[in-house]
Amino acid sequence: MAANSVPLEFHTPIAGTNIPGYDVEKIRRDFPILQQQVHGHPLVYLDNAATSQKPRAVIDAISRYYERGNANIHRGVHYLSEHATAEHEAARRTVQRFLNAADKREIIFVRSATEAVNLVAQSYGRTHVGAGDEVLITAMEHHSNIVPWQILCEEKGAQLRVLPINERGELRMDELPKLLTSKPKLLAVTHISNALGTINPVRQIVEVAHSRDIPVLIDGAQAAPHLKIDVQKLDADFYVFSGHKVYGPTGIGVLYGKLALLEAMPPYQGGGDMIRSVTFEKTLYNDLPYKFEAGTPDIAGAIGLAAALKYVEGLGIDNIAAHEHDLLVYGTEALSAMDGVRIIGTAAQKAAVISFLIEGIHPHDIGTILDREGIAVRTGHHCAQPVMQFFRIPATARASFALYNTRQEIDALIEGIEKVKEVFA
Amino acid sequence: MSDLRELYQDVILEHSKAPRNYRELPKANHKAEGYNPLCGDHFTVYLNLEGDKIQDVSFQGSGCAISKASASMMTQSVKGKSKEEAKKLFEQFHELVTGQANGNRESVGKLAVFAGVSEFPVRVKCATLAWHTLQAALEGKQESVSTE
């Protein structure tokens with residue numbers, strides 16, 4: 001334990017959120033990083049939409065792998081290699097279960113949600129999108145679900161179309177049928193907006209798109225930690241998420257794709273592991289999922305991700321969602337009641353993200369002052385500059401909640417905001 | 001709160017709320033844009049150079065309290081100075097906000113109120129954005145400058 005850490009029992013009791021069997025105080029003890037002080041205050045970590053903290057189970061799984069299990073996979077006949085291969089494949093099955101995918105070959109390990117989108121844009125996109133074609137995205141996408149499509153469209157002479165949003169930060173669903181009539185080759189949409197918290201009606205979007213035979217990619221980077229995901233129920237063609245936002249390590253992400261689509265797609269990167277045989281004349285590619293996993297993968301990352309998903313499943317994603325919803329309601333009420341505070345993103349369906357502004361005070365200054373109170377929030381454009389442009393603001397401050405946050409921490413945020421106003425009074 | 005007070009000094013807050021020389025300069029013969037892509041701060045600096053002398057200087061744009069106050073006080077400090085004097089002042093200011101001034105605050109005059117920035121390394125870019133933009137305008141660069 002670091003020298004500046006404070007044992008949990010010295011904290012004042014934590015206000016629970018009354019989810020039966022959900023003991024947030026006990027849960028917080030699973031996260032070593034939360035037990036510390038920052039600038040002389042207990043750490044209040046409210047930047048979970050950027051990245052989440054890691055439970056002991058994840059940290060231990062990674063250490064255990066490097067201490068006792070490390071070897072390259074699919075290579076050796078020796079004990080450790082076989083063991084590492086088995087663990088890596090077990091991690092794939094854990095992800096399959098988490099997403100309720102029909103087949104484990106539909107689970108491709110990548111570096112991040114960003115890499116997964118790039119894979120689909122470069123492999124599926126380059127074979128299906130041509131000059132004069134369209135790709136449809138939405139006005140609330142993260143840059144990672146904009147730029148890969150822009151690169152593709154520029155290369156192919158295709159056009160990027162955008163489904164607009166309304167003042168509450170919801171998709172303009174009434175505009176969707178019109179944008180689909182020109183038959184875009186693919187629709188890419190985020191499940192939950194990182195900047196606004198909006199939960200999009202992705203099931204409905206897929207249904208409408210499929211009625212015109214348009215495949216849909218769903219960016220689940222923000223959804224994986226907060227919602228039960230069932231790719232079969234959603235009927236998603238592609239679904240992507242990152243490990244580090246769902247309590248796993250950085251450097252690992254997942255692409256889910258329907259088997260038939262993945263089978264027809266050309267490889268994304270060439271190298272070891274993705275081949276069956278290589279001669280200088282001709283290379284035969286490996287089967288799924290390995291065709292898309294060139295080179296030695298992040299084995300420890302996959303194992304750490306599996307540990308994270310099991311941790312989430314252990315608590316129950318529905319319990320987590322209920323707890324976070326309570327925090328959202330509590331936080332929204334408290335912030336709305338403050339003079340000069342304006343919440344950006346007021347969709348009817350929201351995840352536990354509150355983007356806000358304080359009149360006359362730049363978000364950057366809010367972030368600095370809150371930091372000195374031990375409160376970590378994100379300030380800036382949240383890699384969603386088009387969202388900022390829509391609301392005609394340069395930036396917001398954003399508090400985003402996770403399974404270990406408490407009402408008491410929201411109280412600390414409110415006090416912190418009072419302090420910000422005091423400094424600027 | 002003490003280092004916060006050191007950062008957000010009254011003079012800085014006052015300049016951020018009522019920035020000086022905050023206007024377009026109709027007679028400007030040099031102009032540059034500065035942008036911090038991480039936080040979206042964006043300024044335009046206008047210059048009226050007569051020979052080597054900064055006859056007039058102004059700015060417009062949006063940003064945090066630190067960047068706006070810095071831009072405001074910069075325009076006051078460099079007005080009437082030569083190009084070389086302005087560049088020298090930027091060097092001294094940069095040393096001040098990065099904590100390399102070794103206690104020598106006199107040379108920067110009123111700008112010494114920005115010494116507190118050195119305790120907040122991520123805010124150095126806020127304090128220097130307008131200065132980088134000024135430098136680009138002095139050098140007659142056409143492209144906008146970025147802190148990244």
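**Exercise 1.** Where is A:Arg392 found?

*Solution.* Look in the loop between α13 and β17 (396–400) of chain A. (Helices here are DSSP runs of H or I with at least four residues, strands are E runs of at least two, and both are numbered from the N terminus.) Before going on, note that this is a predicted model, where local features need pLDDT of at least 70 and side-chain atom pairs count only at pLDDT 80 or more, while totals for chains, interfaces and linings use all residues. Residues are numbered from 1 along each chain as its sequence is written, and chains are lettered from A and ligands numbered from 1 in the order in which they are written.

**Exercise 2.** Decide whether A:Arg392, A:His382 and A:Arg203 are buried, partly exposed or exposed.

*Solution.* Start with the rule: buried means 20 or more other C-beta atoms within 10 Å of the residue's own, exposed means 12 or fewer, and partly exposed is in between, with C-beta atoms placed from the backbone.
- A:Arg392 has 6 C-beta neighbours inside 10 Å, so it is exposed.
- A:His382 has 23 other C-beta atoms within 10 Å, so it is buried.
- A:Arg203 has 13 such neighbours, so it counts as partly exposed.

**Exercise 3.** Check the length of helix α5 (residues 124–138) of chain B, then describe the helix.

*Solution.* The expected span is 1.5 Å times one less than the number of residues. For the 15 residues of α5(B) that gives 21 Å, and the end C-alpha atoms are 21 Å apart, so the two agree. Next, look for a bend (the angle between axes fitted to the seven residues ending at a residue and the seven starting there): α5(B) has a kink of about 30°, centred on B:Ala130. As for cover, 13 of its 15 residues are buried. After the helix comes B:Gly140, with a positive phi near 70°.

**Exercise 4.** How do α4(B) and α3(B) lie against α5(B)?

*Solution.* Axes are lines fitted to C-alpha atoms, for helices over the stretch in contact, and angles run from 0 to 180 degrees between N-to-C directions. Under 35 degrees counts as roughly parallel, over 145 as roughly antiparallel, 65 to 115 as roughly perpendicular, and the rest as oblique.
- Helix α4 (residues 83–97) of chain B and α5(B) have axes that come within 11 Å and cross at roughly 165°. That makes the pair roughly antiparallel.
- Helix α3 (residues 65–78) of chain B packs against α5(B) at about 45°, with the axes 7 Å apart. That makes α3(B) oblique to α5(B).

To see who meets whom, call two residues in contact if their C-beta atoms, placed from the backbone, lie within 7 Å. On the α5(B) side, B:Trp131 is one of the residues that meet α4(B), and B:Trp131 is also among those that meet α3(B).
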